[in-house]
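Me: Hi! Could you walk me through this one with me? I'd like to go through the sheet, the helix and the core.

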Amino acid sequence: MLPSDGCPCGSGLPLAECCGRHHAGEPAPTPQALMRSRYSAFALNLTDYLLASWHPDTRPASLLPDETTRWVALEILESSEEVDEGVVHFRATFREGRRFFVLEERSRFLRERGRWFYRDGDSTIARLKPGRNDPCPCGRPRKFKSCCGRG
Ligand SMILES: [Zn+2]
Ligand SMILES: [Zn+2]
């Protein structure tokens, strides 16, 4: 799984006190909380939760667990909500084998009957090419060469 202890979303809280509550059925109170819980669900391959938190208008028919992508860091850049609509702008770092990428997305959320749903988003994916002496993109406080870039 992930190198860090605690919730994959990086909140510093244990999973059960953070995104795990929403995975277990407690409604996410804000678009940002839903976004974080969906990030954690991607990291943990909780495809049922991803589908359940996706708005029916845009929800895919099915999702396959993805064993090759490892989500390593989440950074929320901005989030806002107005009545029953929300927007969260975030950056998520993931890794496939030894290659790192950053997904940047502005996601849109809708609230219906008291529950937030992910609707859609505009995203870009960029390859990260950390230098040997750069901080490791996995978020651990080490240089890339002595962390994920080793060997
Ligand atoms: Zn979390
Ligand atoms: Zn690393």
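Predicted model: local features only at pLDDT ≥ 70, side-chain atom pairs only at ≥ 80, totals over all residues.

Me: What's in the turn of the β3 and β4 hairpin?
Reply: The hairpin has two residues between β3 and β4, and Arg-113 in that turn has a positive phi of about 45°.

Me: OK, back one strand. How do β2 and β3 pair?
Reply: Strand β2 covers residues 85-96 and strand β3 covers residues 99-112; they pair in the antiparallel sense over 12 bridges.

Me: Then what about β1 and β2?
Reply: They pair in the antiparallel sense too, over 12 bridges. Glu-75 stands opposite Arg-91 in β2, and the bridge partner of Glu-82 in β2 is Glu-85. β1 and β2 make a hairpin with two residues between them, and Val-83 in the turn has a positive phi of about 50°.

Me: Nice. In what order do the four strands lie in the sheet?
Reply: The order is β1-β2-β3-β4, in an open sheet with antiparallel pairing. β1 and β4 are the edge strands, each pairing on one side only. From one strand to the next, the twist averages 20°.

Me: Switching to helices. Where does α2 lie relative to the strands?
Reply: α2 lies across β1, β2, β3 and β4, and runs at about 170° to β1.

Me: How far does α2 reach, first C-alpha to last?
Reply: It reaches 20 Å with its 14 residues, close to the 20 Å expected at 1.5 Å a residue. Asn-45 follows α2 and has a positive phi, near 60°.

Me: Is α2 largely enclosed or exposed, and why?
Reply: Of the 14 residues of α2, 13 are buried, so the helix is largely enclosed by the rest of the structure.

Me: On to the core, then. Which residues of the largest nonpolar core touch the most other members?
Reply: The core has 29 residues, and those touching the most other members are Cys-9, Leu-34, Tyr-39, Trp-71, Leu-74, Ala-92 and Phe-109. The elements giving two or more residues to this core are α2 (31-44), β1 (69-82), β2 and β4. α2 gives the most, with seven residues. As a general point, nonpolar side chains tend to be buried together in soluble globular proteins.

Me: Buried or exposed, and why?
Reply: Cys-9 is buried, because 25 other C-beta atoms lie within 10 Å and the cut-off for buried is 20 or more.

Me: What is Cys-9 in contact with, leaving aside neighbours within four places in sequence?
Reply: Its contacts are Cys-18, Cys-19, Arg-36, Tyr-39, Ser-40 and Leu-74. As for Glu-78, Cys-9 is 69 residues away from it in sequence and 15 Å away in space, C-alpha to C-alpha.

Me: Last residue: Trp-116. Where is that one?
Reply: Trp-116 is in strand β4. It counts as buried, with 26 C-beta neighbours inside 10 Å.

Me: And what does Trp-116 touch, not counting residues up to four places away in sequence?
Reply: Trp-116 touches Ala-28, Pro-31, Leu-34, Gly-86, Phe-109 and Arg-111. Trp-116 and Thr-30 are 86 residues apart in sequence, yet 7.1 Å apart in space, C-alpha to C-alpha.

Me: Before I go, which feature does UniProt place at residues 30-121?
Reply: The unreviewed UniProt entry gives "domain: YchJ-like middle NTF2-like" there. In the model, the end C-alpha atoms of residues 30-121 lie 17 Å apart, and the span is 22% helix and 51% strand.

Methods:
Residues numbered from 1 in each chain as written. Chains lettered and ligands numbered in written order. Pairing = 2+ DSSP bridges. Core = buried A, V, L, I, M, F, W, Y, C linked by C-beta atoms within 7 Å. Buried ≥ 20, exposed ≤ 12 C-beta atoms within 10 Å, placed from the backbone. Contact = placed C-beta atoms within 7 Å. Expected span 1.5 Å × (residues − 1). UniProt positions renumbered as here; feature names shortened; annotations may be inferred. Axes fitted to C-alpha atoms, helices over the stretch in contact; angles between N-to-C directions.
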